[in-house]
Amino acid sequence: MDQYQLDYLAQLEAESIYILREVAAQFEKPALLFSGGKDSITLVHLARKAFAPGKIPFPLVHIDTGHNFPEALAYRDQLAKDVQATLVVRKVEDTIREKKLTEPKGKFASRNWLQTHTLLDTIEEFGFDACIGGARRDEEKARAKERIFSVRDEFGQWNPKLQRPELWSIYNGRIHKGENVRVFPISNWTELDVWNYIRKEKIELPSIYFAHEREVISFEGQLVAVSDFIRIDEGDVVERKQVRYRTVGDMTCTAAVESAAATLDEVIDEITATRISERGETRIDDRVTEAAMEDRKKNGYF
């Protein structure tokens with residue numbers, strides 16, 4: 001008898017589904033952090049498969065900075081409706097007003113650092129003990145350090161030097177009151193894995209992932225979309241270019257790549273040829289300091 005073997009995408013899918021079911025089994029109030037990006041969309045698809053024919057047993061939570069791409073917000077609302085999931089939206093601008101936080105200034109005034117306050121408040125408001133996220137280890141070096149079950153203390157902080165072993169795919173979700181766990185079911189996937197899975201499963205994505213025309217300015221070699229959220233200076237040249245996005249963050253900190261890739265096959269061909277991660281190529285906020293992402297994660301970021 002031939003030994004039963006799964007192809008690599010099926011193996012990744014099986015691992016992620018196992019992790020999602022572990023979350024449902026070990027935690028009382030889990031939530032899935034949803035951004036409208038390809039990774040969180042893949043998570044929703046995996047969750048549907050994990051718990052079919054039932055509904056997804058946890059809400060989708062979006063921490064809305066107010067600087068989102070309109071295409072991502074429209075997709076978010078439609079997806080939540082299609083999968084019949086509870087959608088929880090909490091706005092960073094409400095947190096800024098209530099806590100009297102200082103609004104970032106500058107050309108690309110990103111609210112990413114302020115998202116942490118809103119996220120921690122939302123976790124406390126609903127009593128979430130686990131938050132599922134779409135981070136992958138290949139995205140950024142700080143994320144490569146993190147376990148699949150990543151414990152955060154009562155202040156929402158992450159200590160990269162104090163993490164639990166995860167031998168033989170055994171995930172320990174035991175926590176003390178006030179603590180919570182961030183769970184990353186696609187941690188072992190790469191960007192190319194996600195795209196190949198999207199093609200295999202025929203998952204729909206927001207249109208900005210594919211080539212389209214958009215007004216942009218060039219800043220330090222990156223193409224940033226013209227919007228109400230960035231400052232256009234006298235020396236800036238607004239151009240209309242054919243671009244697409246490799247990752248979906250805020251319009252203030254996510255750059256586009258010039259591209260003619262209008263189909264999944266063409267996008268996959270482009271990604272196969274590149275040697276730079278999507279965050280390394282297109283996320284302005286990760287360039288603030290060499291340890292920008294790790295500093296944010298230590299304070300409670302996604």
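Is aspartate 77 buried, partly exposed or exposed? Aspartate 77 is partly exposed, because its relative accessible area is 38%. Its salt-bridge partner is arginine 76, with the closest N and O atoms 2.9 Å apart. Arginine 76 is buried, since its relative accessible area is 9%. This is a predicted model.

**Overall picture**

The chain has 302 residues, and 53% of them count as buried. Its secondary structure comes to ten helices and ten strands. Take the contacts with a separation of 6 or more: residues 24 or more positions apart account for 74% of them. The accessible surface comes to about 14800 Å². Carbon and sulfur atoms hold 50% of that surface.

**Salt bridges**

The whole structure contains 22 salt bridges. The table lists some of them.

| Pair | Closest N to O | Source of the charges |
|---|---|---|
| Arginine 76 and aspartate 77 | 2.9 Å | Arg and Asp |
| Glutamate 270 and arginine 244 | 2.9 Å | Glu and Arg |

Lysine 49 counts as partly exposed, because its relative accessibility is 33%.

Glutamate 270 and arginine 244 form another salt bridge, with 2.9 Å between the closest N and O atoms. Glutamate 270 lies in helix α8 (residues 264-273) and arginine 244 in strand β9 (residues 239-244), so the bridge ties together parts that are 26 residues apart in sequence. Arginine 244 is buried, because its relative accessible area is 2%. Glutamate 270 is partly exposed, at 29% relative accessibility.

**The barrel**

Four strands form a closed barrel, in the order β7-β8-β10-β9, with antiparallel pairing. From one strand to the next, the twist averages 70°. Strands of a sheet pair through backbone hydrogen bonds, in either a parallel or an antiparallel sense.

Strand β7 covers residues 212-219, and strand β8 covers residues 222-225. The two pair in the antiparallel sense over four bridges. Isoleucine 217 stands opposite valine 224 in β8.

Glutamate 220 lies in the loop between β7 and β8. Its phi is near 50°, a positive value in a residue other than glycine. Glutamate 220 counts as exposed, because its relative accessibility is 64% and the cut-off for exposed is over 50%. Strand β9 of this barrel also carries arginine 244, the partner of glutamate 270.

**The loop between β5 and β6**

Strand β5 spans 149-152 and strand β6 spans 180-183. Leucine 167 lies in the loop between them. Leu167, Trp168 and Ile170 make a nonpolar surface patch of about 420 Å².

Why do leucine 167 and tryptophan 168 count as exposed? Leucine 167 counts as exposed because its relative accessibility is 51%, and exposed means over 50%. Tryptophan 168 counts as exposed because its relative accessibility is 74%. Phi of tryptophan 168 is near 55°, a positive value in a residue other than glycine.

**Backbone exceptions**

Most residues other than glycine have a negative phi, and most peptide bonds are trans. Tryptophan 168 has a positive phi, and glutamate 220 has one as well. The peptide bond from alanine 52 to proline 53 is cis, with omega near 5°. Proline 53 lies in the loop between α2 and β2, the latter covering 60-64.

Where is arginine 143 found? Arginine 143 is found in helix α6, residues 141-144. It counts as buried, because its relative accessibility is 8% and buried means under 20%. Arginine 143 and phenylalanine 184 are 41 residues apart in sequence. In space, their C-alpha atoms are 10.0 Å apart.

Terms used. Residues are numbered from 1 along each chain as its sequence is written. This is a predicted model: local features need pLDDT of at least 70, side-chain atom pairs count only at pLDDT 80 or more; totals for chains, interfaces and linings use all residues. Side-chain values use heavy atoms; hydrogens and water are left out. Buried means under 20% relative accessible area, exposed over 50%, partly exposed in between (1.4 Å probe, protein chains only). Contact means heavy atoms within 4.5 Å. Accessible areas come from the Shrake-Rupley method with a 1.4 Å probe; for residues, only the protein chains shown count as cover. Patches are made of residues with over 30% relative accessible area and no salt bridge: like charges are joined within 9 Å, nonpolar side chains (Val, Leu, Ile, Met, Phe, Trp, Tyr) within 5 Å. A salt bridge is a side-chain nitrogen of Lys or Arg within 4 Å of a carboxyl oxygen of Asp or Glu. Two strands pair if DSSP finds at least two bridges between them. Axes are lines fitted to C-alpha atoms, for helices over the stretch in contact, and angles run from 0 to 180 degrees between N-to-C directions.
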